[in-house]
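Subject: Structure for you to look at

Hello,

Here is the structure I promised to pass on. Please open it and keep it beside you while you read my notes below.

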Amino acid sequence: MLALGTEAPQFSLPDPDGKVWSIDDAAGADAYLIMFICNHCPFVKHVRKELARLGDDYRSRNVAVFAINSNDFEAQPADSPPKMKEEAKAWNYGFPYLVDRDQSVAKAFRAACTPDFFVFDDARRLVYRGQLDASRPNNGKPVTGGDVRAALDAVLDGKPVRDGQTPSLGCNIKWRRGNEPDYFS
């Protein structure tokens, strides 16, 4: 996992329409939420309504929110840019949903699955990496975004983020053949 305190990796990625976005586009944000998601994963499907709510709830609090799809969409056509555009529209994502075609950004963040969440403070230092909340498909727990919301609220209130962060659980990122990161070996 990316170590707490690590500076946010830089990225410059297109959305499905070709507009390029960078973390620098949000310079001056009070916090940054970077989410690795996709369209086809049942774990992401389970939380996508909450993803949209997160974006809506925290945009007004000066939090920069970016979603990144690093899956090999040639192997997973449901994760292609046109399908991403449909997904963002269907679920009213009010944040950029970006294409990491060469998977370099997922590697830089050491993202392992979808969904995977990273919260950075105003100095772009990692303060949280892990799960959205304890809900999983079919476990009966409500989707609240509790873990990510607690981290964002702590940053915005100038308080430390709690210890004991729980790693994300979901579908493995679909790496391009031969592109698997060496940190899994």
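Start with R48 and E87. They form a salt bridge, and their closest N and O atoms are 3.0 Å apart. This is a predicted model, so treat each value as computed from it. R48 sits in helix α1 and E87 in helix α2.

Which residues of α1 are buried? They are V44, V47, R48, E50, L51, A52, L54, G55 and Y58. These buried residues pack against several elements: β3, β4, α2, β6 (113-114), β7 and α4.

Now the sheet. It is open and has five strands, in the order β5-β4-β3-β7-β8. The pairing is mixed. Which strands form the edges? They are β5 (97-99) and β8 (126-130), and each pairs on one side only. Neighbouring strands are turned by 20° against each other on average, direction ignored.

Look at one pair in detail. Strand β7 (residues 116-121) runs antiparallel to β8, and four bridges join the two.

How many does a search of the whole structure find? It finds 13. Here are some more of them.

E7 pairs with R125, with the closest N and O atoms 3.9 Å apart. E7 is in the segment before β1 (12-14), and R125 is in the loop between β7 and β8. They are 118 residues apart, so this pair too links distant parts of the chain. E7 has a relative accessible area of 43%, so it is partly exposed. R125 has 36%, so it is partly exposed as well.

R61 and D153 meet through their side chains in another salt bridge, 2.9 Å from N to O. Why does this pair tie together separate parts of the sequence? R61 lies in the loop between α1 and β4, while D153 lies in helix α4, so the linked parts are 92 residues apart. R61 counts as partly exposed at 34% relative accessibility. D153 is partly exposed too, with a relative accessible area of 27%.

There is also a network of salt bridges. It links E50, R53, D57 and R149.

- Where is the cis peptide bond? It joins T114 and P115, with omega at about -5°. P115 is in the loop between β6 and β7.
- N92 has a positive phi of about 55°, although it is not a glycine. It lies in the loop between α2 and β5. Is N92 buried or exposed? It counts as exposed, because its relative accessibility is 57% and the cut-off for exposed is over 50%.
- R124 has a positive phi of about 65°, and it is not a glycine either. It is found in the loop between β7 and β8. At 12% relative accessibility, R124 counts as buried, because buried means under 20%.

Best wishes

Technical notes. Residues are numbered from 1 along each chain as its sequence is written. This is a predicted model: local features need pLDDT of at least 70, side-chain atom pairs count only at pLDDT 80 or more; totals for chains, interfaces and linings use all residues. Side-chain values use heavy atoms; hydrogens and water are left out. Two strands pair if DSSP finds at least two bridges between them. Axes are lines fitted to C-alpha atoms, for helices over the stretch in contact, and angles run from 0 to 180 degrees between N-to-C directions. Buried means under 20% relative accessible area, exposed over 50%, partly exposed in between (1.4 Å probe, protein chains only). Contact means heavy atoms within 4.5 Å. A salt bridge is a side-chain nitrogen of Lys or Arg within 4 Å of a carboxyl oxygen of Asp or Glu.
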